[in-house]
Amino acid sequence: MCALQAEMRVMERTFREQLFFLVLCLSVLKGDSRYIENNEISKDELFSFFNSELRRETPEELLYRRPLRCLDMVAVEGQFTFTAERPQLSCAAFFMAEPNEVVTVDYDNVDIDCKGGDLITVFDGWVMKGEKFPSSQDHPLPLYERYVDYCDSGSVRRSVRSSQNVAMVFFRIHNAGSSFTLTVRKHINPFPCNVISQSPEGSYTMVNPQQHRNCSFSIIYPVEITVSEFSLGHYNNFPKRSMPGCAESRDFVQLLGGNGIDTSKLLPITDLCISFTGPTHMKIACDNTVVRMVSSGKFVSRVSFSYRLLDSQELQTIKLNNVEDFCFNN
């Protein structure tokens, strides 16, 4: 009961209800499509899903169990069973782990009518309002491989492992009485890449161990972010470039801001491509603040930063000064 209450604790409405898109609403599924195309955000449902205290304290031998709702958010390990009381044609469940963890979703006791149009699909990441995290540019798999449909894979693939700390399941059930159970577990990820933060404040160090990939740390709150260190292998004395910003570099860190979750659609605030030690502060009044590391794979890149939630007075000051105006107008 305590875990359930913590999981569904209601967050107070603040900051111009700027966090509306945290509400994870139903996916609009059309025809026989098995892919999420879009979803809408309701102003009446705002859950504090990103509380860093949401941890499973149940002993390993006691698996946490509860019903799965048509619209759900799960931040704990356990077994979650959905039983349709009536046709449910647009349902989605979002799963989240700690930044250094990945999620596995196992299909158990599935009793649905695949031939009748039912579906259960696991997506490697999140989809909200048609936007995907991680973006296609930053995810190691092509988009079509990120969808695993139970009705297509059946017993061949009954377990799906995410590439980052978030995953989701969307499902469509036509007949009352149909049901399925999902077992959700978390596993340590030694080199986490793409992350959505559970908390509006904290600190993090992103490291890329000579891998050609792009990694993003997404903070779905308006925050002040402090970058304390950025190092780029042996490029400590990176030569000055003739072009502005980091256009000539294949290894750099971006600070992005905007009101969606797809990093490819966020606006660049600043680029870092010269190693330094010492705090750099910036207040970003966006729904989503992202630290994104672009790496060629030639160097060991490292960036350390901390972040805290902006209070209402700070947000009002930013708005009045027209600072980061794109965040308010998007």
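This is a predicted model: local features need pLDDT of at least 70, side-chain atom pairs count only at pLDDT 80 or more; totals for chains, interfaces and linings use all residues.
Distant parts of the chain are linked here: Cys 70 sits in the loop between β1 (65-67) and β2 (71-74), while Cys 91 belongs to strand β4 (residues 88-96), 21 residues apart. Both cysteines, Cys 70 and Cys 91, are buried.

Next comes the disulfide that joins Cys 114 to Cys 151, with an S to S distance of 2.1 Å. Its torsion is about -80°, and the link between Cys 114 and Cys 151 is therefore left-handed. Because Cys 114 lies in the loop between β5 (101-111) and β6 (119-123) and Cys 151 in helix α2 (residues 150-153), this pair ties together parts that are 37 residues apart in sequence. How exposed is Cys 114? With a relative accessibility of 25%, Cys 114 counts as partly exposed, since buried would require a value under 20% and exposed one over 50%.

The remaining pair to describe is Cys 193 and Cys 215, joined at an S to S distance of 2.0 Å. A value of -100° about the S-S bond makes the link of Cys 193 and Cys 215 left-handed. Here too the pair connects distant parts of the chain, with Cys 193 in the loop between β12 (179-188) and β13 (195-196) and Cys 215 in strand β15 (residues 214-219), 22 residues apart. Cys 193 and Cys 215 are both buried.

The largest nonpolar core comprises 28 residues, and the members with the most contacts inside it are Leu 68, Phe 95, Tyr 107, Ile 120, Phe 171 and Phe 180. At least two residues of this core come from each of β3 (78-83), β4, β5, β6, β11 (166-173) and β12. Strand β5 gives the most, with 4 residues.

Leaving aside residues up to four places away in sequence, Tyr 107 touches Ile 120, Thr 121, Val 122, Val 148, Asp 149, Tyr 150, Arg 157, Arg 158, Val 160, Thr 181 and Leu 182.

Technical notes
Residues are numbered from 1 along each chain as its sequence is written. Side-chain values use heavy atoms; hydrogens and water are left out. Buried means under 20% relative accessible area, exposed over 50%, partly exposed in between (1.4 Å probe, protein chains only). A disulfide is a pair of cysteine sulfur atoms within 2.5 Å. A nonpolar core is a set of buried Ala, Val, Leu, Ile, Met, Phe, Trp, Tyr and Cys residues joined through side-chain atoms within 4.5 Å. Contact means heavy atoms within 4.5 Å.
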